[in-house]
Every structure is written in C-alpha cells, then in structure tokens.
Amino acid sequence: MTPGRRYGRALPVLLSALLAATACGPVAERKPQDLRVGYDSLDGALAVWPPRGDLSGDATATAAVSRTVRDWRSPADDRAHLPSSGILFSGRVDGAPVALVAADVPGESASWLLQLTRDGDRYAVTRATEYTDPGYLVYSDVLPVQTAAGRRYLVSARVQTLVGPQDRTLPVTDGLSAPVDVPSCTAVGVTATLRTTESLPRGRAADRLLDLGTGTVDPRYPLVRDESGTGRRALTGLDTCVLAGDRGPFGSIPRRIGDRDAPRSVPTSWPMAKLTVRSLGEVALGGGEAAELQQLSWDTDAGAMTAVVYRPANGSAPVVSPADRATPLQAYQLPVPGQPLVVLSWRATRDSSLSVPPGTPLLVERPGLAVIPSPSRSQTYSLANTDKTHYRSVKPTN
C-alpha cells in the first residue's frame, strides 16, 4: 500500500510524459545531458511543477546544477537518473543561488530531494533527503526547504494557500514560501488548500502534513502525511529528535541494502503517513504514581510500525520504545530510568492466552497488556489463539 495520495497513479494525464519536443521555455532549450527545468507532469491542463525561480531560464545555472547532480551519489552509491529527474526551483533565496532537484534514484527505488547552493562557479549538494516511495516528490504538493532564515516550503501549482505553524498563512512567491519558525525537535502542522483541477474537481480544503522539525537530519524526510489530523495529537509533547534517534521509534530499524545495514540511508521505521495513538491504560510501578501508557502506530514503506510511550504523571519527559513491526503479539523494550521494562500488547479475545517463562514477575497483567521487568537474559513469550500460537523473544538491552 502506498502512503498518501499520488495523483499520477490515478490519472494518465499526470504521468510524466518526458516529451521534451513539445515542452516550452527552458525545458525545450536544455541540452540533452542537462536536467529538465520544472517537471513534465500535468493535472489536466495545469503544469503541476513548472519552472520556478529567477535562474530557471539561466542555461549556465542549469548546466552547473546538472553537473553536480550527475556527480552526486546516494549512500548506496547509486546515481540520479537525469531524464526522470528535474530542477523544481532555481533562483536566489536570501541573496544566494539555490536549486531544488527531485532526483529519481532507480537503484534504490526512491525519490531524493536535493538542495544545492552555489559555491563559487559550482553548485554543491548541501541537503539530501530520501522518500522511499518512487516518484512521490513530483506527485506531492508541499516540499521542505531549509535556509538560514528558517524553514520554507516549495509548493506545486495546485496549492492555493499554505498555512504553517500557529495557523499562520504563509506568503508564497514563485512557488517558495516565506520563512517560518519551525522548532528543532517539535512536530508542527502544515496545511495546504488545493485548487480545483481535473484530478480534484472540488479542490481540497485541508491537505495536512506534519513537519517533524528542523532537527530532523538527512537523509530523513521531515514531512509526514497527516490527512486525518491524528498525527498532530499523537506527537503532542514528544521530542521528535528523540523519536528519530537510533533507539527511538522512527529511527530504530535500520534499512538493509543487500545483506548489510545501511545506517546512512533513511531507516526502515521512518514514518510516511497515518500516525495515530491509542491509550493502553494507566500503569503504576512500585507503588508510584500512575503513568499513562500509549501505543503509537504509523505507516512506512515496509508496512505498519508501532511503539509505546510512557508518560509519567509528574510531567517529566516521556519515555519511548524502539519500533516494533505490527504483529499479533507486540513486544516493546521500554527504557524507563531505573526500571527498564518489557511491554507486551495484543488484541485480547476470549480465546487468547499469554504465556511467560516461569517465575517472571508481572508488574501489570490485564487483557491485552502485560508489563514485566526487562530480562537479564533472552526470554521468549507466547500468545496462543484458537488457530495459532505466536512467539516473541526479547534480549537484554546493553
């Protein structure tokens, strides 16, 4: 299942035609080895990503950007495919030349958003974020841009208005928004109003995204689709830099390329859409104050992921577990300070039965939930249903 909405998959008119002969302006004039300027995707008669920026017609700038993209390599040493990539913006931002390229990387089946700045007479890639859905960038409507003045957003021609943090309407000039103060490690909402087009006969009043913050480091793509608005509530009070860390929910399952981990690529557990939260109830440990235990769920390109959040009643920082792929029996290692825990969660039915090793102390035991101390050695837990038994093993944390 592909997270988010991809207009081009639904309507042939939105597929990239790659018809340079019928293009106009800078696209038609480009040299065969240069990147196209803009992107040849249409929504009816509307060019979704036309050339943007005051340098979009500058052949010298286009050639320089193309050379840099041709030399760029992904963390897996794959190169961008220039005929199916495009310069979405080329112009001066805060006085400095900047280019934004939607780079198709076939070897990884991924879309990369490359941000380039000019250094002397050459351009350099200063930011590179990966979206693991091929073609996503040119079928989306809002793309993140980071400048010295703050976060900006590049929007497609479908966007009529753009609302950022604090429900502030952002001025947009030549497709690029004014800078906005996005926190480093806090999620904020971004909402686009989409105009009436062939694929959207009634337009769209609220195309919602979450910006996970400017502390989100490459290659992690900072925007998450939030069509239902549940993600904003799910991340309330959570530090997104912690969530994105190697032991946090979003960063804890590394991507594998071939037979080895690829730590410089976006994690397999990185969120793309459908962030939700549900309460697992209150837990009181060792006679202390009750804390709320929650379960986060989200979609990735590898399927649904979950994690648990422990929110202390005294207002101290929440504690989060690494990610767990969605399975009938969920097992989370929760690093509560001074008392690391294992949380077992499942959908309780009349026929389901949890088994733990003999002598295991159950700090919390109720239908669908068990909390136990983190084991000192590897332990296996099982959930028996009418037709199948599910097993999960947990190893001690370092």
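On a 1 Å grid over the protein atoms alone, a pocket is an open set of points with protein on both sides within 12 Å along at least five of seven lines, a cavity is a set of points where a 1.4 Å probe fits but cannot get out, and lining residues have an atom within 4 Å of a point. Grid points are joined across faces, edges and corners, and a volume is the space filled by probe spheres set on the points. The structure is a predicted model, in which local features need pLDDT of at least 70 and side-chain atom pairs count only at pLDDT 80 or more, while totals for chains, interfaces and linings use all residues. Residues are numbered from 1 along each chain as its sequence is written, and side-chain values use heavy atoms, with hydrogens and water left out.

The volume of the largest pocket is about 350 Å³. Its lining consists of 19 residues, and Asp246, Arg247, Ser252, Pro254 and Pro322 are those that lie nearest the centre. Strands and helices are DSSP runs numbered from the N terminus, a strand (E) having at least two residues and a helix (H or I) at least four. At least two lining residues of the largest pocket come from each of β24 (329-334) and β30 (389-394). For the classes, Ala, Val, Leu, Ile, Met, Phe, Trp, Tyr, Cys and Pro count as nonpolar, Asp, Glu, Lys and Arg as charged, and the others, Gly among them, as polar. On this basis the lining of the largest pocket has 9 nonpolar, 5 polar and 5 charged residues.

Strand β30 also belongs to an open sheet of 3 strands, whose order is β26-β29-β30 and whose pairing is antiparallel. Two strands are taken to pair if DSSP finds at least two bridges between them. The edges are formed by β26 (353-355) and β30, each with a single partner strand, so one side of each has no neighbour in the sheet. From one strand to the next, the twist averages 20 degrees, where axes are lines fitted to C-alpha atoms and angles run from 0 to 180 degrees between N-to-C directions. Between β29 (residues 379-384) and β30, the antiparallel pairing extends over 6 bridges, and Thr380 stands opposite Ser393 in β30.

A search of the whole structure finds 2 cavities of 30 Å³ or more. The largest cavity holds about 100 Å³ of space and is lined by 13 residues, with Leu113, Gln115, Arg127, Thr129 and Pro144 lying nearest its centre. Each of β6 (110-119), β7 (122-131) and β8 (142-147) supplies at least two residues of this lining, which by class has 6 nonpolar, 4 polar and 3 charged residues. Strands β6 and β7 run antiparallel and are joined by 9 bridges, with Ser111 opposite Tyr131 in β7. These two strands form a hairpin with 2 residues between them, and Gly120 in the turn has a positive phi of about 70 degrees.

The second largest cavity has a volume of about 70 Å³. Among its lining residues are Tyr131, Tyr221, Arg255, Trp270 and Asp301. By class, this lining has 8 nonpolar, 1 polar and 3 charged residues.

The structure holds 1 disulfide, a term applied to a pair of cysteine sulfur atoms within 2.5 Å. The disulfide is formed by Cys185 and Cys241, with their sulfur atoms 1.9 Å apart. Cys185 lies in the loop between β13 (176-177) and β14 (188-194), and Cys241 in helix α6 (residues 240-243), so the pair ties together parts that are 56 residues apart in sequence. The torsion about the S-S bond is about -80 degrees, and the disulfide is therefore left-handed. Relative accessible area, found with a 1.4 Å probe and protein chains only, defines residues as buried (under 20%), exposed (over 50%) or partly exposed (in between). Cys185 is partly exposed at 22%, and Cys241 is partly exposed at 28%.

Most residues other than glycine have a negative phi, and most peptide bonds are trans. Asp77 has a positive phi, near 70 degrees; this residue lies in the loop between α3 (59-71) and β4 (86-93) and is exposed, with a relative accessible area of 56%. Gln166 likewise has a positive phi, near 60 degrees. Gln166 is found in the loop between β10 (159-164) and β11 (168-169) and is exposed, with a relative accessible area of 67%. The peptide bond from Asp218 to Pro219 is cis, its omega being near 5 degrees, and Pro219 is located in the loop between β15 (204-211) and β16 (223-225).
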